[in-house]
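Here is a quick tour of the model, written for someone who would rather look at side chains than read tables. Have the viewer open as you go.

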Amino acid sequence: ETNGLTMSDANSSSKKGIDIQKALDILSLRSSHDESVDHQNHSHDCQHHVPEGGEDMGQTIDLVQEEVDSISKSLEERRKSLLEEHTKRGEEIRSKLETMSVSELLNKVMEAQEDRVATYREYDAGLDEVLLSGNITKYPTMCAKATASFSFLSDTIKTIQYIFQSRHNRRDLSKLIESLQRHEQEKLNVTAALHLERIRMGNENGFAHLLQDGVVTLRQKNVTCVEAINDVLDEIRLEIAEENEL
């Protein structure tokens, strides 16, 4: 059906990962009061827009464009080198997953979520190392490694979502996985924005107090994302219990 998930949709996840532009959209948010204060001190010709899901992000400061361009360019180069590997890996994953039962697939989702948590820990620890060393050039390489891990996990879960619908006729589970993926993508965007804000805070001592407010707001948004993800995982656990009773 035209409104159903296709294998093309599942494969497209290999192109996704840490989205620097989404992170920048979040960081571009300002309240009307903040804009009026900025206007008194600096001349701004551009207008900021509010990205989807970012209406309540609060006060932030724009990043230095040179830093952003450098990070984005380095990430894009590394993403291209990963695309062929992701395509081949996706085919291998799909062939294994298609032989699994509903219960096995649900447990596979939970395993992938545990790996996501571990990847976030490594991603955050990498930022701490970058900030401690003061060497920002290490950040694109770290992001590329994290992107590879997140993309692999997303490939796996999106393929499971497709199999639930195409082989098991479980559109309810497909929708559940879709919700999980949506919350995870939002969390990844917010996390990337938080990283960039912390990098910015290390370079702008004069605005440290304003940037600290942004960091606090982003951390709160991250907590909200985690709560939404955990709600979906609770539903998946219930589905696993029901499947095991059959």
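## Around L106

Skip the residues within four places of it in sequence, and L106 is in contact (heavy atoms within 4.5 Å) with F164, L173, I236, E239, I240 and E243. A nonpolar core here is a set of buried Ala, Val, Leu, Ile, Met, Phe, Trp, Tyr and Cys residues joined through side-chain atoms within 4.5 Å; buried means under 20% relative accessible area, exposed over 50%, and partly exposed in between (1.4 Å probe, protein chains only).

## Ground rules

This is a predicted model, so local features need pLDDT of at least 70 and side-chain atom pairs count only at pLDDT 80 or more, while totals for chains, interfaces and linings use all residues. Numbering starts from 1 along each chain as its sequence is written, and side-chain values use heavy atoms, with hydrogens and water left out.

## The overall layout

The protein has eight helices and zero strands. These are DSSP runs (helices: H or I, at least four residues; strands: E, at least two), numbered from the N terminus. Of its 246 residues, 46% are buried.

## How helix 7 packs

The axes of helix 6 and helix 7 come within 8 Å and cross at roughly 170°, which makes helix 6 roughly antiparallel to helix 7 (over 145 degrees; under 35 counts as roughly parallel, 65 to 115 as roughly perpendicular, the rest as oblique). Axes are lines fitted to C-alpha atoms, for helices over the stretch in contact, with angles running from 0 to 180 degrees between N-to-C directions.

## Cysteines

You'll find zero disulfides (pairs of cysteine sulfur atoms within 2.5 Å). C143 counts as buried because its relative accessibility is 0%, and C225 is buried too, with a relative accessible area of 4%.
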